[in-house]
Amino acid sequence: MARLNRTQIKRRRNEKAVMALFAFHTSTLVVFRLYFFITSTKRRPCPHLSHNPNFYQTQVDNLNRLVRGNESDCYDQLRVNRHTFLRLCFLVRGVGLGDSR
């Protein structure tokens with residue numbers, strides 16, 4: 001086997017440096033991907049919501065306020081006037097859906 005000249009030695013050294021840099025880059029990328037995968041699948045705690053025993057009654061009161069209150073409240077909340085909202089309720093009941101809890 002013949003000895004390598006200076007340019008060939010330099011070229012091999014550069015190739016080894018590029019391969020080492022590529023290996024470092026790849027391993028760093030794998031570590032970051034693993035970190036982001038673990039953090040994305042980790043379950044985050046839900047904020048504690050206090051249980052309202054009158055939740056259903058609160059919903060009914062809010063709906064009654066929209067339907068029986070002034071026109072601007074209905075429009076501010078639903079972006080339709082009261083007459084249009086009542087017609088929509090009538091159409092929904094006509095399809096077969098009814099009042100429920």
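Predicted model: local features only at pLDDT ≥ 70, side-chain atom pairs only at ≥ 80, totals over all residues.

Reader: At what angle do helix 2 and helix 4 cross?

Author: The axes of helix 2 (residues 55-68) and helix 4 (residues 82-95) cross at roughly 125° and come within 9 Å. Axes are lines fitted to C-alpha atoms, for helices over the stretch in contact, and angles run from 0 to 180 degrees between N-to-C directions. Helices are DSSP runs (H or I, at least four residues), numbered from the N terminus.

Reader: How are helix 2 and helix 4 described, then?

Author: Helix 2 and helix 4 are therefore oblique to each other. Angles under 35 degrees count as roughly parallel, over 145 as roughly antiparallel, 65 to 115 as roughly perpendicular, and the rest as oblique.

Reader: Which residues make the contact?

Author: Helix 2 contributes Leu63, Leu66, Val67 and Arg68, and helix 4 contributes Arg82, Phe85 and Leu86; contact means heavy atoms within 4.5 Å. By class, the residues of this contact are five nonpolar, no polar and two charged. Here Ala, Val, Leu, Ile, Met, Phe, Trp, Tyr, Cys and Pro count as nonpolar, Asp, Glu, Lys and Arg as charged, and the others, Gly among them, as polar.

Reader: Turning to the largest pocket, what is its volume?

Author: The largest pocket has a volume of about 520 Å³. A pocket is an open set of points on a 1 Å grid over the protein atoms alone, where a 1.4 Å probe fits, with protein on both sides within 12 Å along at least five of seven lines; lining residues have an atom within 4 Å of a point. Grid points are joined across faces, edges and corners, and a volume is the space filled by probe spheres set on the points.

Reader: What lines the largest pocket?

Author: The lining has 18 residues, and Leu63, Phe85, Cys89, Arg93 and Asp99 lie nearest the centre of the pocket. Helix 2 gives the most, with seven residues, and helix 2 and helix 4 each supply at least two. The lining divides into 10 nonpolar, four polar and four charged residues.

Reader: Where is Arg79, and what is its phi?

Author: Arg79 is in the loop between helix 3 (71-78) and helix 4. Its phi is near 65°, a positive value in a residue other than glycine.

Reader: Is Arg79 buried or exposed?

Author: Arg79 counts as exposed, at 56% relative accessibility. Buried means under 20% relative accessible area, exposed over 50%, and partly exposed in between (1.4 Å probe, protein chains only).

Reader: Which part of the model holds Thr7, and how far is Thr7 from Asn52?

Author: Thr7 is in helix 1, and 80 Å separates Thr7 from Asn52, C-alpha to C-alpha, with the two 45 residues apart in sequence. Thr7 is exposed, with a relative accessible area of 53%.

Reader: And where is His48?

Author: His48 lies in the loop between helix 1 and helix 2 and is exposed, with a relative accessible area of 78%.

Terms used:
Residues numbered from 1 in each chain as written. Heavy atoms only, no water.
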